[in-house]
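Subject: Structure handover

Hi,

Here is the structure for you to look through. Please open it first, then read my notes below.

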Amino acid sequence: MKHLATLNKYFIKYKWRFLTGLICTVISIVFSVFQPIMVRQIFDLLAQNLDNYRLISDTGLKGFFRAEFSRVLAFYGISILLFALLSGFFLYLQRQTLIVMSRYIEYDLKNEIYQHYQVLDLNFFKMHRTGDLMSRITEDVSRVRMYVGPAIMYATRTVFMIVIVVYLMIEVNPLLTLYTLSPLPLLALIIYYVNRIIHRKSERIQAQLSNITSIAQESYSGIRVIKSYIQEEGSIKHFEEASEAYKESSVSLAKTDALFQPSMALMIGLSVVLTIFAGGIQVINGVITVGNLAEFVIYVNMLMFPFFSIGMVASMIQRASASQQRLNEFLQIEPQIKNPVGARNITIEGEVTFSNVSFTYPHTGIQAIKDFNLTIKPGQKIAVIGRTGSGKSTLAQLLIRMYDPQEGAVLIDGQDIRQVKLESLRTQISYVPQDVFLFSDTIANNIRFGTPEAGIEAVQTAARQASVERDILGFKEGFDTLVGERGVTLSGGQKQRISIARGLIKDPNLLVFDDCLSAVDARTEKEIIGNLYAYLKDKTAIIITHRIFALFEFDKIIVLDDGRIVETGTHEELLSLNGYYTDLYARQQSGEEEPLIE
Ligand SMILES: Nc1ncnc2c1ncn2[C@@H]1O[C@H](COP(=O)(O)OP(=O)(O)OP(=O)(O)O)[C@@H](O)[C@H]1O
């Protein structure tokens, strides 16, 4: 329960709705208890006067009696109807306030979680599975909503209903109250356990359903691989197995569900029988009236749902508490990469220094960069080359502060980037990552992703510089073509070039290209490099690559191996060293490695 205390801030935020909801609950209950009271009065009136009526032989008097009875019955009938309407109206208001409040809280909570996801650093996302992250914002929030909405509503209703009705019952006869209420706690207990079983089974079904969905999703995405390896049969079998498990669980849930309603009816029937039996004896003994007995039968029915909801609410609260605990733990995670106190803005000129930098990925313990030193002057073009896993991308990640080094510092224009405002740093560096990611949006919006204010001319220029404009204009909708599932399927090279255009449109002084030409053909690569030459004229650029671009005159080429610089120099200087670079160059030329671009 203590975990749910975090939600109190929302009850305070929506205090007026909350209070109105509680008041409406009480009013609705008060109006509803008039019904049994009036039924009692009618029964007693009839019981008291029926004998007298039968004894009257005078037809005129009989007619008068009957008319009088009809009038009284009509009055009670209309009153009961009126009170039922009023009770129903306030019930409506209660739902309008409390359930609507729970939807507002759900909205706030989802936003709070999403905002927290946005501030958390890369390390967090590496350590958690996407499914887990998704379920926080969907399942956990919806369970918590069940607490702030329905659970609170049912709990308040239950408390007030039990207090008011039991008070009225005791007023009539405490002993009969005891008899009548005796099966009800048992009912609450049974409901609680049955509910837990139902939820456990529902959760299993939910997990199996999402398994089926992922299997289907994966097979749609991988349909080309499935078909080319003739694995259709295997894929069908895999799906059938998952479906079978889902079916078994669903049938099992249906069986439990089927028991639920009849057990409820049995409990209600038991209570009514007990009331009539014990109450009948009390009536014969003259302790209570026939009206009281009728009144009690209605009370028992009125108490059924509240007792039933005790079990339901208890299990709702339990589940919400577990979910809120998960949410609290998550919301308390502080991002490791954040703005320090007194963070400064920076206007990047383009000087980059790695000073004795060592970095180990925290969750794997892999040391990717070891005592790394490098200075890049403003306007210089640097190539970082090295075999796979040598630490090239890690350098880029450190430069845009996706991670902080454990030792040493990364400086831009002489300032330690840990002292600079993150937004200021990242808006002035264009980073084109190795893994391209395009959003399900138009090509134009994908290009202007980091600069939403950019006009279509700027988008077109960036596309031209990235040598992708021709491809885009070839699509029917041009720059308005939708990308992804709802739109066209782009080739790997087209995606890479759109991603490059996204980096170029920012027009910063410092750019990092992380192996982002791997999927384009040699001719296009040459074209892009030609365009980049002009574009990068006064800018600082770090180009991470597997391949040697002999055409591009780099100020410095750095050869990285196992997180360390093993060779450094210009193309000619490195060739004269007869080392790793020469070897790579020779292999590229002989076609053993990827081809040399010339
Ligand atoms: N997010 C990560 N978490 C843990 N370890 C990582 C992560 N990214 C990279 N590594 C590890 O750090 C080392 C350097 O990886 P990095 O991606 O920097 O190499 P790279 O030279 O860019 O390789 P490639 O050319 O294949 O992209 C590798 O051993 C890799 O397994």
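Helix α12 (residues 392–399) gives the largest share of the shell around the ligand, 3 residues. Helices here are DSSP runs of H or I with at least four residues, strands are runs of E with at least two, and both are numbered from the N terminus.

Two points on the source. This is a predicted model, so local features need pLDDT of at least 70, side-chain atom pairs count only at pLDDT 80 or more, and totals for chains, interfaces and linings use all residues. Residues are numbered from 1 along each chain as its sequence is written.

**Ligand shell**

There are 16 residues around the ligand, and Y361, T388, K392, S393 and T394 come nearest. A residue counts as near if its C-beta atom, placed from the backbone, lies within 6 Å of the molecule. By class, the shell holds 10 polar, 3 nonpolar and 3 charged residues. Nonpolar covers Ala, Val, Leu, Ile, Met, Phe, Trp, Tyr, Cys and Pro; charged covers Asp, Glu, Lys and Arg; the others, Gly among them, are polar.

**The sheet under α12**

Helix α12 lies across β1, β2 and β4, at about 115° to β1. Contact means C-beta atoms, placed from the backbone, within 7 Å. Angles run from 0 to 180 degrees between N-to-C directions, with axes fitted to C-alpha atoms, for helices over the stretch in contact.

β1, β2 and β4 belong to an open sheet of 4 strands, ordered β2-β1-β4-β5, with antiparallel pairing. Its edge strands are β2 (367–376) and β5 (415–416), each pairing on one side only. Two strands pair if DSSP finds at least two bridges between them.

Strands β1 (residues 352–360) and β4 (residues 407–412) are antiparallel and share 5 bridges. S355 has A409 of β4 as its bridge partner. F354 is bridged to V410, also in β4. On to β5: 2 bridges join β4 to this strand, again antiparallel. L411 has its bridge partner, D416, in β5. The hairpin of β4 and β5 has 2 residues between the strands, and D413 takes a positive phi near 50° there.

Another open sheet has 6 strands in the order β6-β7-β8-β3-β9-β10, with mixed pairing. β6 (429–432) and β10 (564–569) stand at the edges with a single partner strand each, so one side of each has no neighbour in the sheet. The twist averages 15° from one strand to the next.

β3 (residues 381–386) and β8 (residues 540–545) pair in the parallel sense over 5 bridges. I382 stands opposite I542 in β8. Helix α17 (residues 492–504) lies across β6 and β7 (510–514), running at about 175° to β6.

**Transmembrane spans and overall form**

An unreviewed UniProt entry lists "transmembrane region" for residues 21–43, 73–93, 151–170, 176–194, 264–284 and 296–317. UniProt positions follow the numbering used here, feature names are shortened, and annotations may be inferred rather than shown by experiment. Residues 73–93 are 100% helix and 0% strand, with end C-alpha atoms 30 Å apart. For residues 264–284, the end C-alpha atoms also lie 30 Å apart, and the span is 100% helix and 0% strand.

The protein has 20 helices and 10 strands. Its C-alpha trace spans about 130 × 60 × 45 Å along the principal axes. The radius of gyration is 37 Å, whereas a compact globule of 598 residues would have one near 25 Å. That radius is taken over C-alpha atoms, and the globule rule is 2.2 Å times the number of residues to the power 0.38.

Best wishes

Notes
Contact = placed C-beta atoms within 7 Å.
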